[in-house]
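Hi everyone, thanks for coming. I'd like to walk you through a protein model today, with an eye on its charged side chains. Please have a look at it first, and then we'll go through it together.

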Amino acid sequence: MAKKKGVSKRAQKRANASAVELLEQSIEKQEASRFEEKDDSELFVVETIPNNTSSLSTSKKRKSEHNTSALINVKQGKKNRISEKDERQIKTIMKKHSKEELVSMAAASKQRLTEAKKSKRNPGTAKASFDLWDNSAVENEKQVTMPVISGAMSMAGTAPIQFQQVPKTSLKKNMQLQSNLSKKQLKARNNFEKNAPVSIKVDPAQPGQSYRPDKEQHQDAIGEALSIEIRRNEALEYKRTPIGNGQLSEETMALIVGSSDDESSDEEESDLEDVVIAHQKRTEKLTRTQRNKQKRVKAERVALEERRRKKKLMNQLEQAKKVAKEIKEEEAVKIARRQEINALRVERDSQPVGVNVFEKISELDPINAPSLPVALTDELKNGSLRAIKPKGSLLTDRLESMISRKMANRKSKEKKKVVQGKRRNITLGAKGGEFLLT
């Protein structure tokens, strides 16, 4: 019978371990026999001469070693201990800088530490840095609350304001402090002022509007006021007239004249006929010849469509030059039109804002435009300023001028349609109104 491999390996391991143990025991016995055979005088030596270096105790030696640095000859205490990393950094600094530089650096760091300690004061122990009883000091000056323009821009050209406490001596008479604006805001304001149109704050009155005008100038002013009123009357008349001048067209009358009963009966008869025809229709089976004929007709139609498509494509290729020429002409017309529009815009922007306010308003909104304040010839008979009746309104004039200069917004005349009453829930199939009036 053959032996198992696992058993032989285990036996070999045990034999090796026992051999190692025997070898160690023999070595120990040999060493012990060497020392046991010798005398004590050979093994130990007694010193009779005292040593000064060894007089210090081990605790003092450790303390001295701990207190002195390995790299720098600096004594260390319990509070300030220097690590090896800090020692290396100190050594590099000492190599780079001279003695005077090191002294100045140490003084600066010491001053910084003292200032840091000063900032950590207990409440109530701080002292004032100025004289509390000196009225001429900046801190003891009288404060004035003033509105200061903020940097943000708002709608209609008016800037929002903020109230700040400002010392009275820093203000000049009739002057307002400027706000601290960023570069972006200053650039935007400069661009706005550069591109802003020329605006006239007060439009001077026409010479014909005075209480003693020239006849020709007075007639010109009356004619302008009359044109505004004529334009208003035309707009009102156009608004009041109904669509189609209140008359129905022939097509609408023809639809209304027809009777509803005849139409309903005709619709019912046509529906019945359709139903009957639908029931009578039957699908008939086609013969082979008929099916072949349908296929031939379909193939001929497809071939005809293909020939037409090719012919159309060839015509398009031939007309490519013509189309390109037309496109160039259209582009030239568009460029000319764009240039004309830009020129009109430049001309419009170059015109001053706030001039001929009433005439411009009458062109935009003739119904709500205010009338031009002009006195009639009968009212100027006396030629006295006391006897003349005042015309127009100063408030309206100023408000319209501000609107034309884009400093205020006009109130919208369009009103929202509001249905009075309580809303009803809409049900499917129900007829009638959706609102229940109260």
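Let's start with the salt bridges: searching the whole structure turns up seven of them. By salt bridge I mean a side-chain nitrogen of Lys or Arg within 4 Å of a carboxyl oxygen of Asp or Glu. Before I go on, please keep in mind that this is a predicted model, where local features need pLDDT of at least 70 and side-chain atom pairs count only at pLDDT 80 or more, while totals for chains, interfaces and linings use all residues. Residues are numbered from 1 along each chain as its sequence is written, and side-chain values use heavy atoms, with hydrogens and water left out.

One of these bridges joins Glu306 and Arg309, with the closest N and O atoms 2.6 Å apart. How far apart are Glu306 and Arg309 in helix α10? They sit three residues apart in that helix, which covers residues 288-318, so about one helical turn separates them. Helices here are DSSP runs of H or I with at least four residues, strands are runs of E with at least two, and both are numbered from the N terminus. Glu306 is partly exposed at 34% relative accessibility, and Arg309 is partly exposed at 47%. For those words, buried means under 20% relative accessible area, exposed means over 50%, and partly exposed is in between, using a 1.4 Å probe and protein chains only.

Glu340 has a relative accessible area of 44%, which makes it partly exposed, and Arg337 is partly exposed at 47%.

Now for a bridge between loop residues. Lys391 and Glu379 pair up at 3.4 Å, N to O. Both lie in the loop between α12 (357-364) and α13, so this pair ties together parts that are twelve residues apart in sequence. Lys391 is partly exposed at 39%, and so is Glu379 at 28%.

Which charged residue is buried yet has no salt bridge? That is Arg405, and the nearest side chain of opposite charge, Asp397, is 8.6 Å away. Here Lys and Arg count as positive and Asp and Glu as negative, with His and the chain ends not counted. Arg405 lies in the loop between α13 (394-404) and β3 (422-423). Leaving aside neighbours within four places in sequence, Arg405 is in contact (heavy atoms within 4.5 Å) with Ser199, Ile200, Lys201, Val353, Gly354 and Arg398.

On to the surface. Leu248, Met253, Leu255 and Ile256 form a nonpolar patch with about 440 Å² of accessible area together. Patches are made of residues with over 30% relative accessible area and no salt bridge, joining like charges within 9 Å and nonpolar side chains (Val, Leu, Ile, Met, Phe, Trp, Tyr) within 5 Å. The areas come from the Shrake-Rupley method with a 1.4 Å probe, and for residues only the protein chains shown count as cover. Leu255 belongs to helix α8 (residues 250-257) and is exposed, at 68% relative accessible area.

Finally, the whole chain: 13 helices and four strands. Of its 438 residues, 8% count as buried. Thanks, everyone!
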